[in-house]
Amino acid sequence: MALNLFGGGKVDHPMADAKQAQALVAELPADAGKALVEISELLESITRTDNFKLDRRYENVDLLDGAAKNHQRKLAQDYLGMSRQQKYHENRLWTGVFGFWKHLGDAYIQCVHGHEANLGGAANIRKNIPVVVARAIRTLTLQLKWVLLRYGLPEPRIWTDLARLYKLAEQKSYATSAIAIYPGAHGSGTVQREFLKALMLSASSTDGLPPVKQEIAERAVAHFAESFRLSTSPDGCSHCFDLAAAKPPARMFKGAAPAESLRYFGAGDALAALVRLTAQIKERGVIPPDVNLGGNYERDVVLSVLKHLAMQWSDKPPVRSSERRQTAGRVTVVPGMADIIGVLDPATSDGLDFSQEQAAPSAESWIVVNVSEGGFGAIIPAQKSDWIKVGTLVGVQNEVSNKHWGVGLIRRISRDEHQQRQVGIQLLTKAAIAIKVAKSGADLQPAILLSAAPDKQGEVGVVLREGLFNGRDSLDMTVKDKGYLLMPASMVEDGEDFDWAKFKVMQRS
């Protein structure tokens, strides 16, 4: 037992020998999914094996960390690149990537604990401990990112481990020391910067963004991290994090009691830099080459994420446009453009039965918990709803007074402490109107008119099938056998299966 405590004795593990470990890594499968599963299993087994000397343990974890780089990147790209993934495939990709970051983090944290306990080999990795701590914090940030991609509730252990690691770096006076966290041109940083990435990602409210925009947001946080502010006083900060509590960061409020364990943080100079980047992209129409967002994205997509971050990073929190009132009730919900058209105009359904039940076989019943002028919040049934994500178009109907179908967009997804999923819906209209539209000379297509009269600008909102709006071509519109001409004004939002646009409307003679 004594040998176990001090990292000695014979190690019964396939990576006990350095040459054997290298050979094992060289024989990993070429398939990214299989390789990452094997790497995660090796990391987990290393964490469970007591007799490793600390320097040998660290060498193995570092080796597997490097070996996984391309594999986890490939799976992450596959996950974000899928538009409507099957639940099994989505779950396999998510579990593979999240599981890797979890096991890698556990392995690095075990090295930190072993060093603090002065286990055998501790002296040999003493100079590497700041790097180990920074890497461990980064794995926690990436675990946080992957939980948020599923709109989940981060486990308390993430905040506990994050606090312990940063507190240790402060106590040992290397939190702000420049280190090479990973080899390469972009591998340098500090423990404090890694800590701030996790805090600012949490403070960025990414539960209001679809997965691809969450990815851009996380990359933007990393890009601006050097300019974020961290302090033991609240001056110049917008949020705080308690190193003594297993809780996420929170926005500061007046009258909050100070505490020695509180760390205050905010965007600092990064907010002005973000505003400058936004202006630069608008002016030049391209993303600067020195801004790495992890992929090539459309200009407007990036700008929408930067706008979201600017609001969340501001000293003043975003203000709701209308008061939210608690309530209780039920609504019937149908997902996507095709099913909404089906309930508005059952004759367009693929089925021969024109009843509402046949037109909406995917309908679900949700519990409404609050309402405002612009929408409502609801609890989602656990057994279904695999299709739900931010930006999804939905049809909604009150189950008490079921006269009209409304149309809305899912704007926010979250989980409460009971793991119930809740969504925030922005209502585009409470009474959608089924119409037909067509470009000149083309066949009529079903669409949705959002209001029966123009707004103050003389425009009407129309939801079209994706790709129909181009900002140039007018459309012929038929409403209850009357003909109108729609002159394009602006695109409001383009979704996965729809275009929401504004038009000037003229009645044909």
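The structure is a predicted model, in which local features need pLDDT of at least 70, side-chain atom pairs count only at pLDDT 80 or more, and totals for chains, interfaces and linings use all residues. Residues are numbered from 1 along each chain as its sequence is written, and side-chain values use heavy atoms, leaving out hydrogens and water.

A search of the whole structure finds one cavity of 30 Å³ or more (on a 1 Å grid over the protein atoms alone, a set of points where a 1.4 Å probe fits but cannot get out, with lining residues having an atom within 4 Å of a point; a volume is the space filled by probe spheres set on the points). The largest cavity holds about 30 Å³ of space. Its lining consists of A220, H223, F224, L277, V291, L293, V302 and L306, of which seven are nonpolar, one is polar and none is charged.

Helix α9 (211-224) gives the most to this lining, with three residues (helices are DSSP runs of H or I of at least four residues, strands runs of E of at least two, numbered from the N terminus).

Two residues other than glycine have positive phi. Y151, with phi near 55°, is found in the loop between α6 and α7 (156-171) and counts as buried at 5% relative accessibility. K480, with phi of about 50°, lies in the loop between β16 (475-479) and β17 (482-494) and counts as exposed (over 50%) at 75%.

Key
1 Å grid on protein atoms, 1.4 Å probe; cavity = no way out; pocket = protein on both sides within 12 Å on 5 of 7 lines; lining within 4 Å. Nonpolar A, V, L, I, M, F, W, Y, C, P; charged D, E, K, R; others polar. Buried < 20%, exposed > 50% of the residue type's maximum accessible area, 1.4 Å probe, protein only.
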